[in-house]
Each structure stands twice: as structure tokens, then as C-alpha cells.
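Please examine the structure below together with its sequence. The briefing that follows describes it topic by topic.

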Amino acid sequence: MFFETLKLAVQAIRRNALRSFLTLLGIVIGVSAVIAMVTIGNGTTVKVQEEMAKLGTNVLFVRPGQWGPGRSSATAKQFNDRDVVEMREQLRGIRAVAPLAQMSATVVYGNESRSTGAIGTDASYIVAQDWELARGRNFLDGETRSGQAVCILGKTVQEQLFGGEESLGKRIRLSNVSCEVIGTLEPKGESGFGTDRDDVVLIPLRTYQRRIAGNTDINRITVSALDGADTSKVQADIERLLRERRGISGGEEDDFGVADMKQIADAQAVTTGILTMLLSAVAGVSLLVGGIGIMNIMLVSVTERTREIGIRLAIGAQESQVLMQFLVEAVTLSLLGGAIGVALGLGLAGAVSVGMQIPFVFDLGIVLIAFVFSALIGVVFGYFPARRAAQLDPIDALRRE
Amino acid sequence: MSDEETFDASAPNVIDLRGVSKTYGRGEAEVRALDRIDLTIRRGEFTAVMGPSGSGKSTAMNIIGCLDQPTAGSYRFNGVEVGRLDRKQRALLRRHYIGFVFQGFNLLARTSAVENVELPLIYRGLRQSERRPLALKALERVGLAGRAGHTPSELSGGQQQRVAIARAIVTDPAVLLADEPTGNLDTRTSEEIMDLLVDLNTSKGITVLMVTHEPEMAGYARRVVEFLDGRIASDSAVLEAA
């Protein structure tokens, strides 16, 4: 008998092709939107975290003000030369301590110019960042101390200004400083935050402070630990030293932050988590709208089909047989729509993850939620109005137009 | 009452209404569609029920067909008190003993003639292989052998009504109830439908009860019952007996 009911249901679905198609469409759109959005959101989060993790945990970033989204480093008290000197003298198990002061500046060569990141630092910067020179040489101690007008170009700047032309030994103008190119850097690509790390010009810190910034501030200190050194101990040492140097008493919070890329990434993950939630909310709305669509079509169709229910009752169908047919019909449509929706949603997410080069993160939970939710709507709104109609006296059901 | 259980076929009266009333609405708005009617139909009769619209003839027909329930009175079908049956049992009664033909045909749209005729058999639990020959035979009986695959929209009104009659007789019912079966048809087609009903009555012994407001159609019946204002105004059987 169940097989007969299934056949009746399939027959009814095929007879009402347009109505069935619209119901199906509602389910498919709702399910696929939720699955695609959440999968893409999750992929983005994983991508950011992976990128961050690649940068390693043996490099510590020290900045004024604490790390974290919404925290500013600009308003906190900046570091100075003495901080760097003290760190170099007192910290154990470190490879390099690199000071860094930066702002955006215009760089000009001949007719070419672009806005880039001007970084004042010294020879330790490349070491701390585990960066390689493509050509030329690093800063000399003498150049750093006396503030010579020399610079090292990132790949992007070098290509933009010089194209294929030789850049070593040429003079460029950075902000209002005319300086000689002594080296170029290997490309490093995008950071996890999507910024171009090759769009930089390095110049000696002293030169930067005197001739570009006009102060003696240091905005960042990058500390790289020796391989095998305990970075959490190095981190604690840095914190202790800086608290002492900045006169922070026992109970007060740090007014600076020390973190490795993993920790910064974790703080950032809160932001991408919010993004995922936002995407989920949008997807949830589309699921809801899809659900309302299904609901409407089901309600309208049952009203339309009340006469059909009356006919079936008149020729001897039991109420339960008519209901079972409508239930099987709704379940069949919902399952079919749900399956297509899951396939479409995952396919869409797969295509986007290939296009945006983010990992494809399959989340069984959201697939189940989307599937069950739309199936439930289909069944509930297919079943209950039908039950109301099937409970009428046959003649009342027949009289409905 | 199970599917297999049968009614007392020896009861001479297939249909026996005693003091049956039907009212709609309550209080001031109460409408009395049927007012304490008594009606007895014997096995094998061909009865026409006549009367102006609103006289209660269709209401009586719906109660007899167990599509509707009386507000008061007793209705015995083949000796069984229908008022004591629940919804399920009334559905079984319709399934096994009653065939319906409606003025508006009431066929399932976009569904082929043979599938429409098969429908009552599905609910009887017959398999496709058993249903198809019976349905085709019923279609042949009403002269539509060549139209089994046509949907209602591809058939004329007369042909649709023939499909409906085939659907009604495919289960070999004891009683065929026809509510204005020719109401939507032209005279010639109406006559064909009436010939078919008479033939089913005489050759298969099906008890036929037909509502109509056309005297020509009532002329095919051997007994005519006239309704007026919810009561039976005249009954040719009673007149003959008197």
C-alpha cells in the first residue's frame, strides 16, 4: 500500500508540474544559499588563520597599545631608541630585535611615482622578518648610525618605478629625501590581511626620524627568537622589561602588546567570526524567505486541491489515505529540493573557494540544519492544511471552488 | 465493519430514511433544508428525484451518499443504521456500495480517463495489474474504449460524464447516485447518458437514484419523487400503491 501511495504522490507531483517546481525552487534556494554562505565564510576564516600561521610563531611583534581588533596603537606612548638598545642587551635566546617606524609616503623616480609604505629601520629588520635580498646589500652600521640617504626597495616598488631597468645605484626621492638604492628585496606576497608586503621602501631609522617623521618615535619592534628558544619565555621577558621601562606598576594593564602571528590571527579570527555570523544571518533570511515561499505555495495548493480531496473521499478514500498521500507528496518534494539544494550549495561554495583560493570547509551541521528546516516547512505546510481539508465532510470539500 | 464484511443483502430496502432533517446555521439564521422526510428505495429501482432548487433534493442525495450527515432522524443503508457508523466506516460504505456521478463530473484534472476510473480501485487495495483491465472494461461499458489515455480537458462534456459513470460503476456498487448528471449537457448527449443509466439499471441491476429538474430526464425513471421546501410533495410509488 505504501508503494501505491508513493505512486499517487509522484503522479500528483507530475500533474502539478509548475506548482511542484515552485515549491522545489523555494527549498533549493533556501538550502543552497545557507550552505554556500556558511561554507564560504568558514573557508575565509580558515584561510586567514592558515596565512597567519605560515608566518611562524618565533617572531614576536611588539606595539604600543594592546593587540586586538578595535585597539589603537597610535594613541599609546610610542617606543624609543633606548627601548631597542635595552632589549638587545637584556633579552636572551633572540636572533634579532628590529625597530620600525612607518608611514605612507610618495616615492618618485623620473616620471614614475607611487604611494608606498616608508619604513625606517636598520639591518636587523630583514633578519627578524626572515626576508632575503634579491640584489645589492643590506644597510651598514655606519649608514644607520649617521642617517645616510640610502634605501632598499620592495619588489612592487622596484617594478613600478624601474620596470626592467637597473635600479641599484640610482637615486629615488622618498617623501622629500633623495636617496640611493642599495638593494632590492625578494617578493613576499600578500599578508593574511590582504596587504601587499612588497609595496615598501626601507631606509635607515635615523634618516626616517630626522627627515621624514620629524620625531624619534618607534612604532613597532619585531623580535625574532632563535630556533628552539622558548618564545613564551622571550615574550614574558619582553613584557617585564617594557613594563619596567614604561613605569607600569603592579596592578596596571600593559599599555603595549606583545604577540606572535598566531595570537594576532586568533584575535583577528573574532572579526572573521563576526563575518561568518553576518553571512549566516543573510543566509538565514533567505532560508526563511524560501520557507515562506514554500508555505504560500502549499497553502494555495491545498485550497485548490480541496475539491480533489473531496472527490477522493467521495469515491471511498479514508481520511488517513488522503493525508498519507499529501504527506508523502510533501516529503518527496522536500527531500528532492533539499538534495538539489545541498548539491547546489556545496557546488557554489566549491566554485567560489576555487575562484577565491580559499579552502573548502565542509560543515555537516549547517547542511543538516538547512535540510531539516526546509523539509520541515514543506511537510508541515503541506500536511496541516491538507488535514484540515480531509477532516471536512466530503460534500463540504467538494463544494469548495 | 471491515472491508470484507457485507451488509445484509436480504433487506428489501436498500435505502430507508425515517424522519430525516437537515438544518444549516443556528438561531435566526437557521435554514431547514430537509424537514422530517421519510423515503424508502427498494433494490433495483430507478428513481428520479425532482424539485426546484432549494427544495432539499440535493441535500437528501448527499445524506443518502454518506457525503453529508443528517441533523436528526434515522438512515438505514441495507439495514444498517448509518448514524452509528464513524467516519472510517462511512468511507468504507462509500467505497464498497455507492457510486457517484456529479453534475460537474468531478474528475481529476490532468489525469487520464483510465487513471480516473482506476482511482476507487486503488483505495480498494487492488494492484495495478488487477485495476487496469477492470477500468478499461468499465470505459468500454460506457462507450469510451478508445479514449482511455485522454485527460478530461481533451474530452467533451458528455465524454467526461461517461468517464465519471465508468468510475462510479467500476467497483460494482449496489447503488448509483447521480446528482443532475445531465445538468451541464445538451439534449442529445443527455439522452445518451440517460440511456446508459437505464441500461446499467436493467442489465446490471444497479439501484439508481438520480436528482434532476428536467421532466424529460425524469421520464426515463420508473419512479419519481418530488421535493418541495424540504419535504416530499409527491411520490409516484405511493400514488400507484394507493
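Chain B exposes about 10500 Å², and carbon and sulfur atoms supply 47% of this area; accessible areas come from the Shrake-Rupley method with a 1.4 Å probe, and for residues only the protein chains shown count as cover. The accessible surface of chain A comes to about 18300 Å², with 58% belonging to carbon and sulfur atoms. This is a predicted model, in which local features need pLDDT of at least 70 and side-chain atom pairs count only at pLDDT 80 or more, while totals for chains, interfaces and linings use all residues; side-chain values use heavy atoms, with hydrogens and water left out. Residues are numbered from 1 along each chain as its sequence is written, and chains are lettered from A and ligands numbered from 1 in the order in which they are written.

**Chain B**

- The secondary structure of chain B comprises eight helices and ten strands (DSSP runs numbered from the N terminus: helices are H or I with at least four residues, strands are E with at least two).
- The radius of gyration of chain B is 18 Å, which agrees with the value near 18 Å for a compact globule of 242 residues (it is taken over C-alpha atoms, and the globule rule is 2.2 Å times the number of residues to the power 0.38).
- Buried residues account for 54% of the 242 residues in chain B (buried means under 20% relative accessible area, exposed over 50%, and partly exposed in between, with a 1.4 Å probe and protein chains only).

**Ser112(B)**

- Ser112(B) is located in the loop between strand 6 (98-101) and helix 3 (113-123) of chain B.
- Ser112(B) counts as buried because its relative accessibility is 10%.
- Leaving aside residues up to four places away in sequence, Ser112(B) touches Ala148(B), Gly149(B), His150(B) and Thr151(B) (contact means heavy atoms within 4.5 Å).

**Chain A**

- Chain A contains twelve helices and ten strands.
- The radius of gyration of chain A is 33 Å, well over the 21 Å that the globule rule gives for 401 residues, so chain A is more spread out than a compact globule.
- Chain A is divided into domain 1 (2-50 + 268-399) and domain 2 (78-254), with bounds from an automatic or database domain assignment.
- The C-alpha centres of these domains of chain A lie 57 Å apart.

**Arg145(A)**

- Arg145(A) belongs to helix 5 (residues 141-146) of chain A.
- With 60% relative accessibility, Arg145(A) counts as exposed.
- Arg145(A) and Leu205(A) are 60 residues apart along the chain, and their C-alpha atoms are separated by 8.6 Å.
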